[in-house]
Amino acid sequence: MENTDAILSLLPTRLKAARRAKGLSLDAVAKLSGVSRSMVSQIERGESSPTISTLWNLTKALQVDFAGLLEDDQDNRVEVLRSDDVPTIENHGAGCSIRILSPPEQAGLHEVYDLRFGKDGVLDSLPHAQGAREHLTVIEGRLSVTSGDAVEQLSIGDTARYAADVSHKIKADGPARAFLVVQGV
């Protein structure tokens with residue numbers, strides 16, 4: 001728990017929300033938990049900090065996870081990876097820099113990349129897993145995309161969707177930038 005005060009400040013709201021979600025009155029929670037009605041009310045208003053024992057009794061009565069009630073709510077956070085901290089692959093392809101925008105746990109499932117090409121830059125890829133597809137959108141410059149035997153020319157704003165379970169290649173005519181989504185199966 002990084003910020004104990006911030007987490008404890010959420011406790012009254014979380015307890016009250018848990019009680020209301022169960023459709024229980026203050027009296028019902030008091031009876032189920034063995035904590036007095038007035039104490040439950042004070043805790044929900046943030047006027048009293050419960051002991052661990054009291055909190056344990058309330059979470060059992062409300063059938064909510066004790067640890068989850070105290071954890072910082074990660075779902076309501078914005079995770080930021082600053083530009084300088086974005087992982088980059090420089091030696092894959094020629095004249096091509098690959099910035100990895102997706103989280104590592106998504107590898108093989110749903111990958112997102114920012115591709116930056118120098119003049120005549122190329123990203124030549126071996127086949128990915130069976131059924132994999134790529135979705136490439138050109139942000140700057142012009143690119144050609146080869147998937148198997150098919151070749152298409154793309155300009156700014158164009159999007160190509162193609163099989164990635166065959167040999168495929170992205171080649172720049174000059175400096176270019178693209179957004180690439182690799183969709184696994």
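**Figure 1. Arg-177 is partly exposed, with a relative accessibility of 25%.** This view, like those that follow, shows a predicted model. Arg-177 and Asp-114 are joined through their side chains in a salt bridge, with an N to O distance of 2.9 Å. Because Asp-114 belongs to strand 3 (residues 110-125) and Arg-177 to strand 9 (residues 176-183), the contact ties together parts of the chain that are 63 residues apart in sequence.

**Figure 2. A salt bridge joins the side chains of Lys-171 and Asp-120.** The N to O distance is 3.9 Å. Distant parts of the chain are linked by this pair, since Lys-171 lies in strand 8 (residues 168-172) and Asp-120 in strand 3, 51 residues apart. Lys-171 counts as partly exposed at 31% relative accessibility, and Asp-120 is likewise classed as partly exposed, at 41%.

**Figure 3. Arg-45 and Glu-47 form a salt bridge.** The closest N and O atoms of the two residues are 2.6 Å apart. Glu-47 is exposed, with a relative accessible area of 53%, whereas Arg-45 is partly exposed, with a value of 48%. The two residues fall into separate classes because the exposed class requires over 50% relative accessible area. Side chains of opposite charge can pair when their charged atoms come close. Over the whole structure, a search finds nine salt bridges.

**Figure 4. Helix 2 (residues 26-33) has a buried side and an exposed side.** Leu-26, Val-29, Ala-30 and Ser-33 are the buried residues of this helix. Viewed along the axis of helix 2, these residues fall within an arc of 100 degrees and therefore line one face. Lys-31 and Leu-32, on the other side of helix 2, are exposed. After the helix comes Gly-34, which has a positive phi near 80 degrees.

**Figure 5. Buried and exposed residues of helix 4 (residues 52-62) are shown by face.** The buried residues of helix 4 are Thr-54, Leu-55, Leu-58, Thr-59, Ala-61 and Leu-62. Because the arc they cover around the axis is only 160 degrees, these residues lie on the same side of helix 4. Ile-52 and Lys-60 are exposed residues carried by the face turned away from that buried side. Just after helix 4, Gln-63 adopts a positive phi of about 55 degrees.

**Figure 6. Leu-101, Ile-139 and Phe-179 make a nonpolar surface patch.** The area of the patch is about 230 Å². One of its members, Ile-139, is located in strand 4 (residues 133-140). Ile-139 is partly exposed, its relative accessible area being 36%.

Definitions and conventions:
Residues are numbered from 1 along each chain as its sequence is written. This is a predicted model: local features need pLDDT of at least 70, side-chain atom pairs count only at pLDDT 80 or more; totals for chains, interfaces and linings use all residues. Side-chain values use heavy atoms; hydrogens and water are left out. Patches are made of residues with over 30% relative accessible area and no salt bridge: like charges are joined within 9 Å, nonpolar side chains (Val, Leu, Ile, Met, Phe, Trp, Tyr) within 5 Å. Accessible areas come from the Shrake-Rupley method with a 1.4 Å probe; for residues, only the protein chains shown count as cover. A salt bridge is a side-chain nitrogen of Lys or Arg within 4 Å of a carboxyl oxygen of Asp or Glu. Helices (H or I, at least four residues) and strands (E, at least two) are DSSP runs, numbered from the N terminus. Buried means under 20% relative accessible area, exposed over 50%, partly exposed in between (1.4 Å probe, protein chains only). The arc is that of the directions from the helix axis to the C-beta atoms.
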